Amino acid sequence: MSLTAQDKNTVKAFWSKVSGKAEDIGTDALARMLIVYPQTKTYFSHWKDLSPGSAPVRKHGKTVMSGVADAVTKIDDLTAGLLNLSELHAFTLRVDPANFKILSHNILVVMAIMFPGEFTPEVHVAMDKFLAALSRALSEKYR
């Protein structure tokens with residue numbers, strides 16, 4: 001499923017509204033992932049505290065959403081734009097790419113909760129397609 005020009009415009013417009021809360025979105029989405037999908041904790045076993053709102057969860061949530069923000073600016077060519085992140089996750093961190101989809105779902109859930117008025121069906125579809133494309137781009141170096 002590719003992003004249409006309308007999808008890209010919708011993502012950019014929605015991101016401009018929610019980007020000020022990106023750190024909160026990332027923190028909540030990451031915390032939800034760690035709770036609902038406890039197998040994902042294995043990637044963070046070096047953290048002292050995996051509880052929601054802990055310093056490491058907040059820091060990585062911010063990092064994740066910085067990557068999403070970067071992806072929004074590279075929306076026309078996510079594969080090339082996110083090549084370094086793909087290599088990092090594939091070769092250094094060795095993250096199972098299935099986890100990108102899990103985290104993407106949690107990001108959608110948090111956005112819907114935090115921005116119910118702005119998270120219209122059209123925004124939902126566009127953001128879902130965007131996050132799926134972002135996940136595919138991050139998975140590129142696994143092939």
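The structure is a predicted model, in which local features require a pLDDT of at least 70, side-chain atom pairs count only at pLDDT 80 or more, and totals for chains, interfaces and linings use all residues. Residues are numbered from 1 along each chain as its sequence is written, and side-chain values use heavy atoms, with hydrogens and water left out.

**Overall fold**

The chain contains seven helices and zero strands, where helices (H or I, at least four residues) and strands (E, at least two) are DSSP runs numbered from the N terminus. In sequence order the pattern is α-α-α-α-α-α-α. The radius of gyration, taken over C-alpha atoms, is 14 Å, which agrees with the value near 15 Å that a compact globule of 143 residues would have. That expectation follows the globule rule of 2.2 Å times the number of residues to the power 0.38. The C-alpha trace spans about 40 × 35 × 20 Å along its principal axes.

Of the 143 residues, 42% are buried; buried means under 20% relative accessible area, exposed over 50%, and partly exposed in between (1.4 Å probe, protein chains only). The accessible surface, from the Shrake-Rupley method with a 1.4 Å probe, comes to about 7800 Å², and carbon and sulfur atoms contribute 56% of this area. Among contacts (heavy atoms within 4.5 Å) with a separation of 6 or more, 75% join residues 24 or more positions apart.

**Burial of individual residues**

| Residue | Relative accessible area | Class |
|---|---|---|
| Serine 104 | 10% | buried |
| Arginine 94 | 63% | exposed |
| Threonine 73 | 63% | exposed |
| Serine 54 | 6% | buried |
| Histidine 89 | 16% | buried |

Histidine 89 belongs to helix 5. A polar atom of the histidine 89 side chain lies 2.8 Å from the backbone oxygen of leucine 85. Apart from neighbours within four places in sequence, histidine 89 contacts Arg94, Val95, Phe100 and Tyr142.

Arginine 94, another of the contact partners of histidine 89, is placed in the loop between helix 5 (83-92) and helix 6. The phi angle of arginine 94 is near 55°, a positive value in a residue other than glycine.

Serine 104 is located in helix 6 (residues 98-114). Its side chain forms a polar contact of 3.1 Å with the side chain of serine 135. A polar contact is a pair of N or O atoms within 3.5 Å; within protein, one must be able to donate a hydrogen and the other to accept it, and residues adjacent in sequence count only if both atoms are side-chain atoms. Not counting residues up to four places away in sequence, serine 104 touches Leu131 and Ser135.

Serine 54 is found in the loop between helix 2 (22-36) and helix 3. A polar atom of the serine 54 side chain lies 3.0 Å from the backbone oxygen of serine 51.

Threonine 73 lies in helix 3 (residues 55-73). A polar atom of its side chain is 2.6 Å from the backbone oxygen of aspartate 70. Threonine 73 and phenylalanine 130 are 57 residues apart along the chain, and their C-alpha atoms are separated by 12 Å.
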